[in-house]
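Work through the exercises below with the sequence and the model open. Try each task before reading its solution.

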Amino acid sequence: MFKPETNLQVPLIPIVGDGFFFPYLVNLSVKKKILGLSHININFLDDTGFSLLQGNGKVLYLRKKKRIITDPAGLPLHTLQEKTLSWHNTRKVYNAESSDRNDLLYIIKRSSTIQMKMQLDLFLDSSINGEICDFHVKGSLDTLIAEVKERFKLGSFFNGRENFEVRVYPGVDYAFIISILIIYNEIYRES
């Protein structure tokens with residue numbers, strides 16, 4: 001098992017909240033499972049198998065797509081909601097189960113409508129109306145804050161399961177990274 005080096009001098013990047021940091025590199029396992037024809041469950045586990053967060057929602061939608069991310073006790077942490085009729089596959093992320101403008105944390109959308117490789121722009125609440133994004137999500141970054149690796153197994157695919165490994169760097173809000181991963185995965189699957 002990976003033994004992290006603790007660094008208490010790491011600057012923290014709080015996006016979702018103050019309780020979602022580790023002062024060391026953290027490896028998360030992501031297990032995505034489709035339950036029946038209508039429900040999806042995404043579970044985020046630490047190295048010991050302890051569930052840190054869960055994402056839930058519907059597989060098929062007639063209107064707006066919506067996912068709720070909860071803590072291990074089932075309390076809503078934030079809501080991911082797709083903007084209807086958006087050329088850029090825009091998603092809004094709100095605090096808890098809210099969809100009120102005052103609870104908006106950030107907006108994430110495709111960088112352009114036509115892309116060869118998936119790239120997303122993320123605008124924090126303070127810069128939503130601006131033209132310069134706060135984070136740019138793509139296959140490789142200049143400054144890494146997290147890495148994702150998909151583990152593909154043919155049997156799991158046919159059972160409606162997907163597994164990922166996520167490496168979150170010290171001081172980075174893992175709840176923030178998890179919400180980006182869910183959105184990225186949804187937009188990528190739609191493309």
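**Exercise 1: the strands around E5**

Strand E4 (residues 66–70) runs antiparallel to E5, joined to it by 5 bridges. The model is predicted: local features need pLDDT of at least 70, side-chain atom pairs count only at pLDDT 80 or more, and totals for chains, interfaces and linings use all residues. Residues are numbered from 1 along each chain as its sequence is written, and side-chain values use heavy atoms, with hydrogens and water left out.

Task: find the bridge partner of Ile69 in E5, then trace the pairing of E5 with E6.

Solution. 
- Start with the terms. Strands (E, at least two residues) and helices (H or I, at least four) are DSSP runs numbered from the N terminus. Two strands pair if DSSP finds at least two bridges between them.
- Ile69 is bridged to His78 in E5.
- E4 and E5 form a hairpin with 5 residues between them. In the turn, Gly74 has a positive phi of about 90°.
- Strand E6 (residues 91–95) pairs with E5 over 5 bridges, in the antiparallel sense. Leu80 stands opposite Val93 there.
- Now check burial (buried means under 20% relative accessible area, with a 1.4 Å probe and protein chains only). In E5, 6 of the 7 residues are buried, so the strand is largely enclosed by the rest of the structure.

**Exercise 2: two partners for Lys33**

Solution. 
- Take E11. E1 and E11 run antiparallel, joined by 8 bridges. Arg161 is the bridge partner of Lys33.
- Take E2. E1 pairs with E2 over 7 bridges, also antiparallel. Asn41 is opposite Lys33.

**Exercise 3: the core**

Solution. 
- Define the core: buried Ala, Val, Leu, Ile, Met, Phe, Trp, Tyr and Cys residues joined through side-chain atoms within 4.5 Å.
- The largest one has 38 residues. Leu53, Tyr106 and Phe176 have the most contacts inside it.
- Elements that each supply at least two residues include strand E3 (51–58), strand E7 (104–110) and helix H2 (174–190).
- H2 gives the most, with 10 residues.
- Look at Tyr106. Not counting residues up to four places away in sequence, Tyr106 touches (heavy atoms within 4.5 Å) a set of residues including Ile15, Val93, Leu122 and Phe176.

Notes. Buried < 20%, exposed > 50% of the residue type's maximum accessible area, 1.4 Å probe, protein only.
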